[in-house]
Amino acid sequence: GDNVPGYMFTGAPAGTEFDWTASEDVGFGTMGTGDVPPYTATTNGAVVPVVSEVIVTPSFTNLGVTCVGEPDTFLVTVNPTPDVDQVDDIEACDGDVVPTIMLTGSVPGTVFNWTNDNTSIGLGASGLGDIPSFTAVNPGPTIQVANIEVTPTFTNAGVTCTGDVMTFTITVFPLPIIEFARDSLSICKFDSLDLSLIGADIIDNGSGVTDGDWSTTGDGIFVPDTRFSNAMSYEPGPMDIDNNLVFIILTTDDPVGPCGPVADTVKVVLEDPPPMSCTDFQASLGNDGTYLVTAADALTTIPVDWTSYSVVVEDANGEPIFGSPVLNCSHIGQELYVKVTENCGGNSCWSRVFVEDKIEPVLSCPAPASFSCIDDSAPGQVQTRRFETTPNVAIGPDAGDVTNIVQTVPNYGNVAI
């Protein structure tokens, strides 16, 4: 396809003529007289280099006599123009393994140079030869498109020929995201699982999906149905209870593009009622004068993740105290008992609680003050006046009470307190 300016022949003596022949027609024929004119090089469809041997014979004619000189020979090599077969556009999903993309063409020995304008998909910016396998990357939330350009080249006899550029795209789609606050938890084997405890969420992430369905490896049922946006609870079936274990699976709807749904699993342990063993304990009131009694105070051991207990503080008559299970200063010295019940099998145990206040009181004294005792009441009357005093008092277990000073004085004169 190259435009060649032709070949000019020169020699001596002046007036020499040149006849030439070519073994292959590479654009200028196979014979001629004089110079080879400009031509467009061609291999005539051949996909390998075409070599034409050109023989030039000089001759000189004078007085009817023609003298022929020694022929000269040279080679004209025309390389084929390389090409590259079209690659179809590729679609993949985040995490997919894109297989090796084989680049082919009609000319043996062609070298393929490729470039990629979006390396965020997990493929390098450029390369030589086939495009290697790679793991598609798109964490979201938008679709990523990479434009791939492939340029074929062929080199022979020091000449490199370049073919037309071939382009295609690789599109990588994001996937929805399933999030669990907890992917493993324990419940009483006789209870339903409140699905809100899992803290499940389906995040669109550019996939167009926010809903899906629950399924189970066991024989339980979802209430009111399996739809993620509707399901409130899971009721274990007989097989679940026998196995003390079930896995529930959340599967998203199909996202846009070629991607399939995303799924994740939650492990649910169905616990037998735990053994109950209580022990007496002391409850030290806090700065606010209260103490909240929990199952952990009374039980010797608590199974991991087990929180299904109820706690009641009772008086000596077995009656719940006011505000149970919160203790306060009024309960110091009382005979109190804590009843802990596990809500799976209903078993209970009791312990004695001793309420104590180990925090010393803090007295905040105002600034000293003076008072006038003059009164203008009628003569002869006696008045009783009450004065709040703030003496220097040592606060501690041996300190006396801080009391009001009450003094009766006549209505005349000043009184020193």
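Predicted model: local features only at pLDDT ≥ 70, side-chain atom pairs only at ≥ 80, totals over all residues.

1. Aromatic pairs. F9 counts as buried because its relative accessibility is 15%, under the 20% limit. F74, by contrast, is partly exposed, with a relative accessible area of 24%.

2. A stacked pair. W214 and F222 also form an aromatic pair, in this case stacked, at 6.0 Å centre to centre and with 20 degrees between the planes. Both W214 and F222 are buried.

3. An aromatic cluster. F9 and F74 belong to one aromatic cluster together with Y7, F18, W20, F28 and Y39. The reader may wish to display these residues as a group.

4. The largest nonpolar core. As a general background, nonpolar side chains in soluble globular proteins tend to be buried together. The largest nonpolar core here comprises 25 residues. Those with the most contacts inside this core are L193, L195, I198, W214, I248 and V268. Which elements give two or more residues to this core? They are β17 (184–188), β23 (245–252) and β24 (263–271). Apart from this core lies another, of 21 residues, which includes A92, L103, W114 and L123.

5. The surroundings of L195 and S233. Leaving aside residues up to four places away in sequence, L195 touches W214, F222, A231, M232, S233, Y234 and I248. Both members of the stacked pair, W214 and F222, are thus found among the contacts of L195. S233 lies in strand β22 (residues 233–235). Is S233 buried or exposed? S233 counts as buried, because its relative accessibility of 15% falls under the 20% limit.

6. An open sheet. Four strands form an open sheet in the order β25-β30-β29-β27, and their pairing is mixed. The edge strands, each of which pairs on one side only, are β25 (281–284) and β27 (309–314). From one strand to the next, the twist averages 35 degrees. Strands of a sheet pair through backbone hydrogen bonds, in either the parallel or the antiparallel sense. β27 and β29 (residues 336–342) pair in the antiparallel sense, over 6 bridges. E314 has Y337, in β29, as its bridge partner.

7. Cis peptide bonds. Most peptide bonds are trans, and most residues other than glycine have a negative phi. Two peptide bonds deserve attention on the first count. A12 and P13 are joined by a cis peptide bond, with omega about 0 degrees. P141 lies in the loop between β12 (134–135) and β13 (144–156).

8. Positive phi values. L63 is not a glycine, yet its phi is positive, at about 50 degrees. This residue sits in the loop between β5 (50–62) and β6 (65–68). L63 is classed as exposed because its relative accessible area is 81%, over the 50% limit. A157 also has a positive phi without being a glycine, near 55 degrees. A157 lies in the loop between β13 and β14 (159–162). At 65% relative accessibility, A157 counts as exposed.

9. The chain as a whole. How many helices and strands does the chain have? The chain has 2 helices and 32 strands. Of its 417 residues, 33% count as buried. Among the contacts in the chain with a separation of 6 or more, 59% are accounted for by residues 24 or more positions apart. The accessible surface of the chain comes to about 23300 Å², and 53% of that surface belongs to carbon and sulfur atoms.

How values were computed:
Residues numbered from 1 in each chain as written. Heavy atoms only, no water. Pairing = 2+ DSSP bridges. Axes fitted to C-alpha atoms, helices over the stretch in contact; angles between N-to-C directions. Buried < 20%, exposed > 50% of the residue type's maximum accessible area, 1.4 Å probe, protein only. Contact = heavy atoms within 4.5 Å. Areas by Shrake-Rupley, 256 points an atom, 1.4 Å probe, with all protein chains shown as cover. Phe/Tyr/Trp six-rings, centres within 6.5 Å; stacked < 30°, edge-to-face > 60°. Core = buried A, V, L, I, M, F, W, Y, C linked by side-chain atoms within 4.5 Å.
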